[in-house]
Protein chains: 2
Amino acid sequence: MKIGSYNFNMSLILDEIKKHGYKTVLLQAPEGVKKYVFQVVDEIETKTKAKVMISTDPCYGACDIPVHAAKQLGVDLVVQLGHLPIPNLKLPLPVLFMNIVADAREEESVKKAIEKLEGTKIGVVTTAQHIEKLPQMVSVLKKNGFIPVVGKGDNRIARDGQVLGCNMSTAQSISDKVDCFLFVGTGRFHPLGIALATSKPVVSANPFTLEVLKSEINEEKKKLMKKRYGAIAAAYNAKTFGIVVSVKPGQMRMKTARVLEKKLENAGKKVYILIADDINPSLAKTFDVDCLVSTACPRVVLDEAERFEIPLLTPTEVDILLEETNKYKLDTLQ
Amino acid sequence: MKIGSYNFNMSLILDEIKKHGYKTVLLQAPEGVKKYVFQVVDEIETKTKAKVMISTDPCYGACDIPVHAAKQLGVDLVVQLGHLPIPNLKLPLPVLFMNIVADAREEESVKKAIEKLEGTKIGVVTTAQHIEKLPQMVSVLKKNGFIPVVGKGDNRIARDGQVLGCNMSTAQSISDKVDCFLFVGTGRFHPLGIALATSKPVVSANPFTLEVLKSEINEEKKKLMKKRYGAIAAAYNAKTFGIVVSVKPGQMRMKTARVLEKKLENAGKKVYILIADDINPSLAKTFDVDCLVSTACPRVVLDEAERFEIPLLTPTEVDILLEETNKYKLDTLQ
């Protein structure tokens with residue numbers, strides 16, 4: 001089925017609902033796809049006996065399932081459009097993850113990226129949105145004399161070659177075996193994450209605009225590192241820390257929070273555990289702490305920290321602050 | 001214990017935790033009180049064996065318990081500062097409601113209100129924050145020759161004389177027996193609610209500023225009615241409706257939503273059920289509907305509707321739209 005410029009396999013949803021005789025479905029979609037969901041509702045309600053409700057709250061990924069809403073409403077099934085599952089995430093009710101695929105020119109973007117690649121062994125990584133075209137990307141590289149290498153992620157990763165904003169294990173797993181990484185997808189966060197998680201050059205190819213970035217990624221990495229060390233420096237004299245723990249099912253890291261709490265307390269700091277569904281700059285205004293540490297999605301810190309009035313650190317940045325390490329590491333969820 | 005300018009009985013919290021041997025507590029407070037919660041955390045952690053986590057997400061009342069967070073975190077007890085319980089609300093884990101009382105001049109505000117009262121039988125209503133001073137308010141009225149009447153609310157109301165933004169049953173229960181209402185508290189919503197739910201004059205006395213309003217309430221009521229009929233009029237040609245259902249435990253009205261859905265569908269409208277934790281104007285931008293109906297807290301509609309780009313109606317306003325009634329009624333939760 002096509003909604004907007006996205007495609008997905010509607011019949012899988014219909015089959016799943018019919019097979020189990022589900023009566024009520026909660027449908028969830030990322031922001032860009034929300035405006036098309038009425039078509040999906042109509043299709044389900046016409047072709048099955050299920051009634052569909054639409055989740056309107058933000059959806060940041062497969063880590064962000066509306067478990068509370070689903071339980072509160074007593075629905076039989078959650079259908080999440082737009083993401084692959086996180087395999088090691090245990091959920092308390094049936095969730096059908098329906099990846100959607102945008103009309104994009106993945107092969108062409110790989111062709112355009114070729115002149116910027118280094119060496120012969122190329123690690124190919126991409127996001128869920130483009131993962132169906134991975135064989136084509138690989139084939140373009142082979143045809144052009146490269147040796148494409150596709151990595152396996154850890155248990156948080158559904159498919160070979162896939163990376164998440166919070167998990168670069170797929171790239172890390174092949175870092176030693178490749179000369180360079182080719183990332184196919186949009187935005188700067190994923191290629192930046194690969195650059196931070198490995199020490200190999202990263203070429204980023206956008207399959208919509210056909211823009212290819214390489215030196216820009218490195219520049220961006222330097223800029224980000226400067227900002228992150230700035231935040232760590234700003235936290236040096238902090239006495240009171242708020243450790244933020246998310247209640248999104250796939251972002252909750254209470255154990256990490258408790259380890260950090262102990263380390264910080266041992267260093268003479270006062271620590272409070274702050275529970276949040278939505279982590280935003282109002283936290284820094286409401287609570288009288290000198291520094292916030294977010295154990296939730298690392299993207300919140302790396303993308304949003306500048307909007308906070310006080311330093312916002314990742315767990316691995318706290319280790320640098322406490323001089324437990326002097327090597328900057330990307331914070332990742334497993 | 002005093003936090004900021006608020007008082008509450010800390011020993012009740014400590015006793016409850018000790019009595020049950022609770023190990024983990026999730027502490028929740030309304031926005032204005034959040035900045036003082038560290039003192040409460042310190043007190044609990046010093047005097048009991050429990051570890052305390054702080055809920056940072058907005059808290060709109062006793063209807064808004066962080067059930068999801070509490071379950072996700074596996075805490076033993078939720079402590080909510082700032083509200084009285086909603087007696088008929090069934091919650092899936094222990095919640096201790098700890099009303100807090102601000103330093104205010106309730107008696108003085110009643111004295112100041114006297115000259116604006118009408119008749120002799122005065123219905124006295126107030127909010128949780130001031131309910132402890134109800135005997136004093138009553139006594140001032142008696143001393144001045146009035147016959148104070150204190151109403152009983154329905155099962156949503158914890159204390160005689162108390163009103164909620166979503167429930168004016170306490171005022172309605174004595175409406176026939178009084179000449180006029182005296183509301184002691186802040187803000188315009190509650191006195192406006194009383195004016196909408198009864199047809200008696202309402203005098204509103206602010207125990208912080210000692211400001212007394214009467215004609216202003218009536219003016220405000222007229223203004224609000226004009227706006228609400230404007231919204232109903234604007235929805236006349238709407239073809240597609242989004243019925244918003246909240247997942248906050250005390251605001252979820254799926255039955256109401258299903259009744260509305262049927263009525264609207266019988267009137268030839270297309271209806272989608274939209275599930276929301278937070279109801280905000282982005283709903284109107286994201287979903288292609290002509291009109292939104294909120295079954296959640298009526299205050300969302302009455303306070304916020306103007307921020308929405310399309311008409312936002314209460315369930316009772318839909319009845320007017322569908323010409324099932326021609327009498328405006330305050331939407332209330334029971």
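A salt bridge here is a side-chain nitrogen of Lys or Arg within 4 Å of a carboxyl oxygen of Asp or Glu. Keep that cut-off in mind as you tour this predicted model.

**Stop 1: a salt bridge between the chains**

Select Lys270(A) and Asp42(B). Their closest N and O atoms are 3.3 Å apart, which is within the 4 Å limit, so the pair counts as a salt bridge. Across the interface of chain B and chain A there are 4 salt bridges, along with 18 residue pairs in polar contact, both partners at pLDDT 80 or more.

**Stop 2: the chain B side of the interface**

Now colour the elements of chain B that give two or more residues to the side touching chain A: α3 (37–47), β4 (51–55), α4 (67–73), α10 (254–266), β14 (270–276) and α11 (282–286). Which of them gives the most? It is β14(B), with 6 residues. By class, this side of chain B has 21 nonpolar, 5 polar and 11 charged residues.

Zoom out to take in both partners. Chain B puts 37 residues into the contact and chain A 38. Together the two chains bury about 3400 Å², with 63% of that on carbon and sulfur atoms.

**Stop 3: strands that pair across the chains**

To find one pairing by eye, pick Met53(A): its bridge partner in β14(B) is Ile273(B).

**Stop 4: domains within chain A**

Domain 1 of chain A gives 7 residues to its contact with domain 3 of chain A, which gives 5.

Select Lys248(A) and Asp64(A) to see a salt bridge with its closest N and O atoms 3.2 Å apart. On the side of domain 1 of chain A that touches domain 3 of chain A, 6 residues are nonpolar, none polar and 1 charged.

**Stop 5: an open sheet**

Finish with β1, β2 and β7 of chain A, an open antiparallel sheet in the order β1-β2-β7. Its edge strands are β1 (2–3) and β7 (101–102), each pairing on one side only. Between β1(A) and β2 (residues 6–7) of chain A there are 2 bridges; select Ile3(A) and its bridge partner Tyr6(A) in β2(A).

How values were computed. Residues are numbered from 1 along each chain as its sequence is written. Chains are lettered from A and ligands numbered from 1 in the order in which they are written. This is a predicted model: local features need pLDDT of at least 70, side-chain atom pairs count only at pLDDT 80 or more; totals for chains, interfaces and linings use all residues. Side-chain values use heavy atoms; hydrogens and water are left out. Two strands pair if DSSP finds at least two bridges between them. Helices (H or I, at least four residues) and strands (E, at least two) are DSSP runs, numbered from the N terminus. Contact means heavy atoms within 4.5 Å. Ala, Val, Leu, Ile, Met, Phe, Trp, Tyr, Cys and Pro count as nonpolar, Asp, Glu, Lys and Arg as charged, and the others, Gly among them, as polar. Buried area is the accessible area (1.4 Å probe) that two parts lose on being put together, summed over both. A polar contact is a pair of N or O atoms within 3.5 Å; within protein, one must be able to donate a hydrogen and the other to accept it, and residues adjacent in sequence count only if both atoms are side-chain atoms.
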